[in-house]
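Welcome! Let's walk through this model together, moving from a pair of helices to the core around them.

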Amino acid sequence: MGAQQFSYVFSVRPSTSCNLHCSYCYRADELVADLAQRPFDVDAMVWHALERPGSLFNFCGYGETMLHPQFHDMIIALSQVTYVNWVTNGTVFRGKAFDAILARARHHHIHSVVISLHFEQLAKRIDTFARDVRYAVQALSERRVQTHLTTIVTDDNIDAVIALKDRIGLPIGYKTTFPQFFQAGETRTWGYSARTTRLLEDHGIEPDQDFRHDPLPFLGKPCPNGARVFEVMHDGTSLSL
């Protein structure tokens, strides 16, 4: 499944809420913890999938995707007819939404689950978080669903990232750049000191620059794998190139 190529990618941003408040979040000023989530037209999303067979629906930012009350309904419905993946901060795997996905989704249509680790917010609950992530990775692995753990690494946080990796006990990739909203190619880049570079190598933490984390910045620009990218709105309409 990792080599799967898609002609169409539908980018869905279900949530403008987040249960974390990371200092480096490039949308932090717009995230509202208790904002009511607008409903999605799931039938229209399924229609888009049926109209373009073999497409991928990618659920990502602004906030935490799995907080939307329809999240599991969208994953379950779309996985019956096409491929899906999603990005999550990994803090909400214990709940009815994830249980429903495990029970009712077509797992071979879940292309991958990206768990984006936010070290700043996890220090006080690292044991619970590590347990929940290991549970989710094992449950998805048993259903042959790929998972990718990733985080942002800087010289200042490298020690915290290593501690997080050791506590979770799973491989972690890292991002060296962070796409700005709708501005592919204009990125905030961190250069690493010799110490950070050595620690990354010593602990087997490798670059993770997979575009599926967020294809939306490629609207109007060439996409790395040649896919045509759409953004799906709440009412089921879509923006395309």
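Let's begin where α3 passes α4 in a left-handed crossing; a crossing has this hand if the near helix is turned anticlockwise from the far one by less than a right angle, and is right-handed if clockwise. The contact, meaning heavy atoms within 4.5 Å, is made by Phe98, Asp99 and Leu102 of α3 and Tyr135, Ala136, Ala139 and Leu140 of α4. Helices here are DSSP runs of H or I with at least four residues, strands are E runs of at least two, and both are numbered from the N terminus.

Before going on, please note that this is a predicted model, in which local features need pLDDT of at least 70 and side-chain atom pairs count only at pLDDT 80 or more, while totals for chains, interfaces and linings use all residues. Residues are numbered from 1 along each chain as its sequence is written, and side-chain values use heavy atoms, with hydrogens and water left out.

The axes of helix α2 (residues 71-79) and helix α3 (residues 96-104) come within 9 Å and cross at roughly 15°, which makes α2 roughly parallel to α3. This crossing is right-handed. Here Phe71, His72, Ile75 and Ile76 of α2 meet Ala97, Ala100, Ile101 and Arg104 of α3.

Is α2 mostly covered or uncovered? Mostly covered: 7 of its 9 residues are buried, that is, under 20% relative accessible area with a 1.4 Å probe, protein chains only. Its buried residues pack against α1 (42-51), β2 (56-59), β3 (83-88) and α3.

Finally, look inside. In soluble globular proteins, nonpolar side chains tend to be buried together. A nonpolar core is a set of buried Ala, Val, Leu, Ile, Met, Phe, Trp, Tyr and Cys residues joined through side-chain atoms within 4.5 Å. The largest one has 44 residues, and Met45, Phe57, Phe59, Trp86, Leu149 and Ile168 have the most contacts inside it. Helix α4 (residues 126-142) gives the most to this core, with 8 residues. Apart from it lies another core of 8 residues, including Ile158 and Tyr174.

Technical notes:
Buried < 20%, exposed > 50% of the residue type's maximum accessible area, 1.4 Å probe, protein only. Axes fitted to C-alpha atoms, helices over the stretch in contact; angles between N-to-C directions. Parallel < 35°, antiparallel > 145°, perpendicular 65-115°, else oblique.
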